[in-house]
Amino acid sequence: MTNHHPIIQERTERTQWFLQDRFGMFIHWGLYAIPARGEWVRSVERISVEDYQTYYDEFDPVRYDPKAWARAAKQAGMKYAVLTAKHHDGFCLFDSALTAYKSTNTRAGRDLVREFLEAFRAEGLKVGLYYSLIDWHHEDYPAYGDRIHPMRDNESYTRNPETFDRYLQYMHGQVKELLTNYGKLDIMWFDFSYDQMKGETWKATELMTTIRSLQPHIIVDNRLDASGEEGGSIFTNNPLSYSGDFASPEQIIPPQGVTDHEGNPIPWEACITLNNNWGYAAQDFQYKSPTTVIRKLVECVSKNGNLLLNVGPNTLGEIPKETLDILTEIGDWIQKNGNSIYGCGQSDWPKPEWGRYTQKGNLLYAHLFEESVGPINLNGLAGKVKKARLLSDGSELFLGRPWSAAQYPNDAFVSFARPEHFSYPMPDKR
Ligand code: JFZ
């Protein structure tokens, strides 16, 4: 049953490219790259405004070369990228007229956002900006100074409506700057809502009206409305204007994909770190293997979702070597197997026990996650498979029925070696 709710219809239209592209790069970068203990360091370690200021005073990313980042993303098979224009610490990587707390006033002296956008567009990638709703630096935000973000602290906080309104003007103003001064943006990634700090507390309807009038095609995440399990009105059949265009599960791939309360698929993107931190963490070497990342990408696609894979560049502006090596291997795989990712989605057939399916029209992509003993079985596909090919080199895969499979009349069987390598008799070989 199609839902003709205008917000859902527009969402479907706007997210067409997004659902094709499937794989993007998340970039968490800011002053927190200097302490190198993750982007929450100021909150977690209760760092004072004065002490955090030293990072601002030192910030000098002399090796920032967004063209190199863009090449790495492109080579890895990523089709879009999202950079933290401002994270919770409030430091702006762009030349905002509304604050002095920005990269152009540091030794960097550069509009890092503008350079990022230009470099990634030049590589043909779509571009997005992350913008933190939370601001630990703005004096009118109710977690200013030594008072730490309430989700990490039990001390109570109060929001003064008058002064908070000044923050909203600032926040709305910066969003307008980003959507006015930087050309066409493809994604606006807000982060995040909690407790009463959600929806209309952000004046979300007004903000969305502005956003849609400035950049009608931009897609927006669901975190203006709600974050986490609560999810927000994107999960209903009557979403609010600020419900967002896609759900944003974080550090998890939803077991059943993401659907609304009635079971209809909704666009989603899992954001996942490569080690255990978003921002650069110099001592965190717990990187996921390229195989894991590839399989997680396949898993997302097999559940109609996207993967936004995070990188955390260091204070000099470099993506860590460990990260680049993983991206290279992912790219080598995608180079050969990208047809099973882009434009693909959930299969009509249930998950096979040996791996996962992705599907595009009548093309079924079988992702084998384990070594096979003998042919692999395609459950219920007997007589339905015209031919089988190895995606990476186009070679024919033998499609036949091993004698030992007599008790599985409904399954098709695919072998990875030539039939003569098998000891059982092949009826069509004599
Ligand atoms: C947020 C940020 O705090 C984090 O630094 C990072 O940018 C990530 C992508 O997004 O993390 C969240 C957001 C929401 C919840 C938890 C972590 N939540 O609602 O529980």
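Begin by selecting helix 5 and helix 6, whose crossing is right-handed, and bear in mind throughout that the model is a predicted one. Helix 5 covers residues 66–75 and helix 6 covers residues 112–122, and the two pack at an angle of about 40° with their axes 8 Å apart. Because an angle from 65 to 115 degrees would count as roughly perpendicular and one under 35 as roughly parallel, this angle makes helix 5 oblique to helix 6.

Next, show the side chains where the helices touch: Pro-66, Lys-67, Trp-69, Ala-70 and Ala-73 of helix 5 meet Glu-115, Phe-116, Ala-119 and Phe-120 of helix 6. By class, the residues of this contact are 7 nonpolar and 2 charged, with no polar ones.

Which residues are closest to the centre of the largest cavity? Select Asn-275, Asn-277, Val-311, Gly-312 and Thr-323, which hold that place among the 13 residues of its lining. The largest cavity contains about 80 Å³ of space, and its lining divides into 7 nonpolar and 6 polar residues, with no charged ones.

Finally, select Arg-42, Val-49, Tyr-52, Gln-53, Asp-89, Tyr-101, Trp-136 and His-137, which line the second largest cavity, a space of about 50 Å³. Helix 4, residues 49–58, gives the largest share of this lining with 3 residues, and the lining as a whole has 4 nonpolar, 2 polar and 2 charged residues.

Note on methods. Residues are numbered from 1 along each chain as its sequence is written. This is a predicted model: local features need pLDDT of at least 70, side-chain atom pairs count only at pLDDT 80 or more; totals for chains, interfaces and linings use all residues. Side-chain values use heavy atoms; hydrogens and water are left out. Axes are lines fitted to C-alpha atoms, for helices over the stretch in contact, and angles run from 0 to 180 degrees between N-to-C directions. Helices (H or I, at least four residues) and strands (E, at least two) are DSSP runs, numbered from the N terminus. Angles under 35 degrees count as roughly parallel, over 145 as roughly antiparallel, 65 to 115 as roughly perpendicular and the rest as oblique. A crossing is left-handed if the near helix is turned anticlockwise from the far one by less than a right angle, and right-handed if clockwise. Contact means heavy atoms within 4.5 Å. Ala, Val, Leu, Ile, Met, Phe, Trp, Tyr, Cys and Pro count as nonpolar, Asp, Glu, Lys and Arg as charged, and the others, Gly among them, as polar. On a 1 Å grid over the protein atoms alone, a cavity is a set of points where a 1.4 Å probe fits but cannot get out, and a pocket is an open set with protein on both sides within 12 Å along at least five of seven lines; lining residues have an atom within 4 Å of a point. Grid points are joined across faces, edges and corners, and a volume is the space filled by probe spheres set on the points.
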